[in-house]
Amino acid sequence: NSINLGRLPTRAGLVGGVLLVLCIVAGLRNSQDFFRSYLIAFLFWIGVTLGCLALLMTQYLAGGRWSVVVRRILEAATRTLPLMALAVLPLVGGMRVLYAWSRPGETDPLILAKRFYLNSGFYIGRLVFYFAVWFLLTYLLDKWSKSLDRSFDVSTWVWMQNWCAAGLLLYGLTITFASIDWVMSLEPHWFSTIYGLIFMVSEALTAMAFIITMLVWLSGREPLRSVVTPSHFQDLGGFLLTFVMLWAYLDFSQFLIIWGGNLSDEIPWYVRRMRGGWGWIGVGLIVVSFFLPFFLLLFRYVKRRRGALLAVAGIVLAMRLVDMYWMVLPAFGGGIHITWMNVALPFGLGGIWFAYFGRQLEKLPILPVNDPRMKGEAEHAVEHG
């Protein structure tokens, strides 16, 4: 049975389109503010898309019953990749506004020393390669999923699991270099060997919070209403807690190594994020993005109650966006100064993304048809519901 979202995707797309048009018009007068805001919006929504791609491959390898009720949500999110491929084009157009290394006449000796990697032609070539890999992974997963819906075949299932293992390696490789290109190269004097891993975990955290939000909303409708149980939310809440802890651990490890090691080339990255009000944002990230969800998700009650888990997932999603502001905007210098475009563009692109996602979600049955784990859902509901 398919889910009917009614006119919500259309309305989301209209609101998003209006916000995007307003920002484009304003961007004609202030291109710097537009492209900086657009980068934040793109990073957040590509994070949801690719995070869901990684979780989709993970659920084929993990094999838990929890994955059955969220697979269609994950698949619909990955099928927004064509939209994000179009959405990346403005970043190519605004390359010289965002990245100092792309501007002609650059005399910084360190940037010139990295010219082999940091140049416009190679940047675009890598971008094409990243999306080609992601499109391949999405296409294969979608093709095999539809094949299993028609007729379950053990050999196809095993083949998918093997490919997902390789796919996760490809995802890790591409997103590491993409994070360097999109964010780290905003400040070409700074580098961190753990940055790509932080970016991967951040995307997984964003995606997990998103699918929990969607499942809570959709679980009030049939056929999910009779399938989704508190134990499903408990499993997903446990994963959310894991990603929260892993993100905090990696972020703190990066800070500890750089700050404690007194690395003069890397410390300025943190100094810029401790001045002019950005330090308070950093403190807020520590408290609201880690300590608060960590404390709440320790309780079984919170993880099993839809409303409580939805509130935690909402907090995590909001703080993921704040984290994007904290990573991107201080790179351009100055104190904290949030403009209306900084806020409007993520919601504008998000409205269009959600409209596309919603239509993809309506195309297929909300539950996999021939998944062998579906046979155990009734027992699962009785035993753990």
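**Figure 1. Burial and overall form of the predicted model.** In this predicted model, 54% of the 385 residues of the protein count as buried. The fold holds 17 helices and 0 strands. The radius of gyration is 21 Å, close to the 21 Å that the globule rule gives for 385 residues, so the protein is as compact as a globular protein of that length. The C-alpha trace spans about 65 × 40 × 40 Å along its principal axes. Of the contacts between residues at least 6 apart in sequence, 82% join residues at least 24 apart. The protein exposes about 16,500 Å², and carbon and sulfur atoms supply 69% of this area.

**Figure 2. Confidence of the model and the stretch 378-385.** The mean pLDDT of the protein is 90, and 96% of its residues reach 70 or more. Over residues 378-385 the pLDDT is below 50. Beyond near neighbours in sequence, this stretch has 11 contacts in the model.

**Figure 3. The nonpolar surface patch that includes I286.** W280, V283, I286, V287 and F291 form a nonpolar patch on the surface. Together these residues have about 550 Å² of accessible area. I286 is found in helix α13, which covers residues 278-297. The relative accessibility of I286 is 48%, so this residue counts as partly exposed; the class called exposed begins over 50%.

**Figure 4. The salt bridge between R72 and E75 in helix α3.** The structure holds 8 salt bridges, and one of them joins the side chains of R72 and E75, with an N to O distance of 2.8 Å. Both residues lie in helix α3 (residues 71-78). They are 3 residues apart, about one turn of the helix. R72 is buried, with a relative accessible area of 3%. E75 is also buried, and its relative accessible area is 3%. Both values fall under the 20% limit for burial.

**Figure 5. The salt bridge between E187 and R273, which joins two loops.** The side chains of E187 and R273 meet at 2.8 Å, N to O. E187 lies in the loop between α9 (154-182) and α10 (195-218), and R273 in the loop between α12 (267-272) and α13, so the pair ties together parts that are 86 residues apart in sequence. Both E187 and R273 are buried.

**Figure 6. The salt bridge between E362 and R359 in helix α16.** An N to O distance of 2.7 Å separates the side chains of E362 and R359, which meet in a salt bridge. Helix α16 (residues 340-363) holds both residues. Their spacing is 3 residues, about one turn of the helix. E362 is buried, with a relative accessible area of 18%, whereas R359 is partly exposed at 31%.

**Figure 7. The salt-bridge network of R79, D142 and K146.** Side chains of opposite charge can pair when their charged atoms come close. Here R79, D142 and K146 are linked in a network of salt bridges.

How values were computed:
Residues numbered from 1 in each chain as written. Predicted model: local features only at pLDDT ≥ 70, side-chain atom pairs only at ≥ 80, totals over all residues. Heavy atoms only, no water. pLDDT = per-residue confidence, 0-100. Contact = heavy atoms within 4.5 Å. Patch = residues over 30% accessible without salt bridge, like charges linked within 9 Å, V, L, I, M, F, W, Y side chains within 5 Å. Areas by Shrake-Rupley, 256 points an atom, 1.4 Å probe, with all protein chains shown as cover. Salt bridge = Lys/Arg side-chain N within 4 Å of Asp/Glu carboxyl O. Helix = DSSP H or I, 4+ residues; strand = E, 2+ residues; numbered from the N terminus. Buried < 20%, exposed > 50% of the residue type's maximum accessible area, 1.4 Å probe, protein only. Rg over C-alpha atoms; globule rule 2.2 N^0.38 Å.
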